[in-house]
Amino acid sequence: MMGESEVTKFSLNVRKNEKDGFSRGLKPEISKFFGQLPHKLQNVLKSQLSRLAKNDGMNLVRSLQRNVNRSFSASEAELNEQLQTWRENPSWVDKPPQVKVTVPKGTLCNLNVEVDVGLPPDAVYNIVTDPDNRRVFKNIKEVISRKVLVDEGHRQVVDLEQAAIWRFLWWSGTISINVLVDQNRKDYSMKFKQTKTGFMEKFEGCWKVEPLFVDEATCFPFKPMTKEDYNACTRGKGRIGSKVSLQQILQPAIVPPPPISWYLRGITSKTTEMLITDLLAETARIREGYEAEKSKGELQGNPGKNVDLVAKTSNIKERWILRRKNAKQGHRRLLTAK
């Protein structure tokens, strides 16, 4: 009967362990087992277990890094293929950006800018997110500080402080702007928001870059909806451009009354247009490089030269005058063609 009693107790313990969970029933046994071991042997076993756990963690990190690197490699390969397509056919005419200005109550203005750009999204996104993009955007005098707070491969969060050039009537100077930038290459977005208030109580917005099927007319009557469809119908020779949009909300600490607010709104709108013009100038410069590779004698009459002239001028008033002059010349050419 004693044997039956011991078997019954063992059976009950097993059922209890199964009911409470195998790991929960095992923990006291492991603790008891470690307690009965010599001190040195305990340290050896614990170090081995710790090493195994560490190795598992490192393997997981390496696996994640391999996936990120593989994803970046695929994106870089796709970009190189697209740039090669643009090298073979760099012809493109930049159009003026479309600027929409709204004035919600209590703000200076909200700006929505859209423009088509003759380079693929990855290339345009590289220009916009370049830490040294002050060489492209002339209204940025210098980058005071830049600190990466979050780095997840495709996504980065950056604490950025820049000195921007401003001009009002007869005065001009620089203003320090501290923004938190959240940039995500997966959807080609870059959100920014002011972190320290000063002259501007609210300054925030978002860049967005979307693919543009430049040669989709060759697919007619079929209209491609995805990159895969587009590559299939153009046999991999279709160029992919970019639809770039910029949204900005500007609210000074004190909104001045008219007509000063009208003047400030006009300056803000023109400054934003210059920002887009600088972007177009950089993409035109890249395409001109491709054009030079294709034929050194075909640079004459390239419309990108007018944009470059505007971009190289540091004086804001001169840049606005050149821009209006170029717009008038373009309008005259259209009338002559008609």
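**Strands and rings in a predicted model**

Ser189 stands opposite Lys208 in S7. The model is a predicted one.

Reader: What makes strands S6 and S7 a pair?

Author: Two strands pair if at least two bridges are found between them. Strand S6 (residues 189-194) and strand S7 (residues 200-213) have 5 bridges, in the antiparallel sense, so they count as paired. A hairpin of 5 residues joins S6 to S7.

Reader: Why is the pair of Phe192 and Phe203 called tilted?

Author: Ring centres must lie within 6.5 Å, and planes under 30 degrees apart are stacked, over 60 edge-to-face, the rest tilted. The centres of Phe192 and Phe203 are 5.5 Å apart and their planes stand at 40°, so the pair is tilted. Phe192 belongs to strand S6 and Phe203 to strand S7, 11 residues apart. Both Phe192 and Phe203 are buried.

Reader: What makes the pair of Trp86 and Trp92 edge-to-face?

Author: The angle between the planes is 70°, with 6.0 Å centre to centre; the cut-off for edge-to-face is over 60 degrees, therefore the term applies.

Reader: How do you know that the charged end of Arg239 sits over the ring of Trp86?

Author: The distance from the charged end of Arg239 to the ring centre of Trp86 is 4.8 Å, and the limit is within 6 Å. Trp86 itself counts as buried, because its relative accessibility is 0%.

Note on methods. Residues are numbered from 1 along each chain as its sequence is written. This is a predicted model: local features need pLDDT of at least 70, side-chain atom pairs count only at pLDDT 80 or more; totals for chains, interfaces and linings use all residues. Side-chain values use heavy atoms; hydrogens and water are left out. Helices (H or I, at least four residues) and strands (E, at least two) are DSSP runs, numbered from the N terminus. Buried means under 20% relative accessible area, exposed over 50%, partly exposed in between (1.4 Å probe, protein chains only). A charge sits over a ring if NZ of Lys or CZ of Arg is within 6 Å of the ring centre and within 35 degrees of the ring normal.
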